[in-house]
Amino acid sequence: MSVEVLVLSAIVAALCRRARRDRNTVPVVVSNLAPHSFSMLSRLVIASANALKGSGPLGAGLVQASRSLHTSSQNLAPLPPLPERGGKIRHGIFPEEIFQLLYPKTGVTGPYMLGTGLLVYLLSKEIYVINHETYYAFCFGTIVVYLVKKFGPQVSAFADKLNEEKLARVQHVKDTAMTNLTQAIENEKKEQWRVEGRTMLFDTKRNNVAMLLETNYRERLHMVTNEVKRRLDYQIALQNLQRRLAQEHMVNWVVKNVMSSITPQQEKESIAKCITDLKALAKDSQAKAIA
């Protein structure tokens, strides 16, 4: 049963390779599913190798290959991307690399003789016995080939469509993120520009505050000056008033005393004397006018 599983695994791998070769591009969906399919195939190989431990050099080689595959440090490394085109195959399932590898050693007929000899060896030594399971495997392989040939293009187109939709969604998310990040960068640059201009704004505000303080100081100084001047003017006016009142009082007192000291006779004599002086002055002025 293990040999049939190996043969079926080789057939499925070859058909997948041919399907990839028929398509010009490999969708991302297949690349996402490829690790799982390879993991399943590797499990089949390990199970078959465990069953063939006592079957000679072939079993030992498979066991050694499985051990190196799962104990190597490369099993945790990221898988390389799948090629755009599948490799060349012969007779539907045999990779071209096997023939190119054997040509320098065995010539053109070497791979065919190796395959035929290996098949004859397995049949002659009864390592592989043809029984009903062989027919089951042949029928199953035929069905798989038919399904791949019949529905492979439709499944591939559907997978490509899903892949394109997925890529479109991812691209939309990427474009949205890039737009948001670009806007964030522009906003950050604008904020940095505002921060650079903040020093100028602060200097202007400081100058305005200094001007307001200077204006307030000058207004208060002017108010104090006016108040002091008003009080000084009040003191000067008060002194002038006192001086004028004193003068008026002195003049009134003198006039009053003089008037009280003059007798009526003296007053008549003074009036006559004044009239005589006026007449003399009139004659002199007439004489000067005639001359």
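The side of α4 facing away from its buried side carries Leu101, Pro104 and Lys105, which are exposed (buried is under 20% relative accessible area, exposed over 50%, partly exposed in between, with a 1.4 Å probe and protein chains only). Helices here are DSSP runs of H or I with at least four residues, strands are runs of E with at least two, and both are numbered from the N terminus.

This is a predicted model, where local features need pLDDT of at least 70, side-chain atom pairs count only at pLDDT 80 or more, and totals for chains, interfaces and linings use all residues. Residues are numbered from 1 along each chain as its sequence is written, and side-chain values use heavy atoms, leaving out hydrogens and water.

Now the buried side. Helix α4 spans residues 96–106, and Glu96, Phe99 and Leu102 are buried in it. Why are they on the same side of α4? Because they cover an arc of only 130 degrees around the axis, taken from the directions from the helix axis to the C-beta atoms. Their cover includes β1 (89–90), β2 (94–95) and α5 (110–124).

Glutamate 96 has a relative accessible area of 14%. Leaving aside residues up to four places away in sequence, glutamate 96 touches Lys88, Ile89 and Arg90; contact means heavy atoms within 4.5 Å.

Next, α5. Phe99, Leu102, Tyr103 and Thr106 of α4 meet Gly110, Pro111, Tyr112 and Leu114 of α5.

Last, just after α4, glycine 107 has a positive phi of about 90 degrees.
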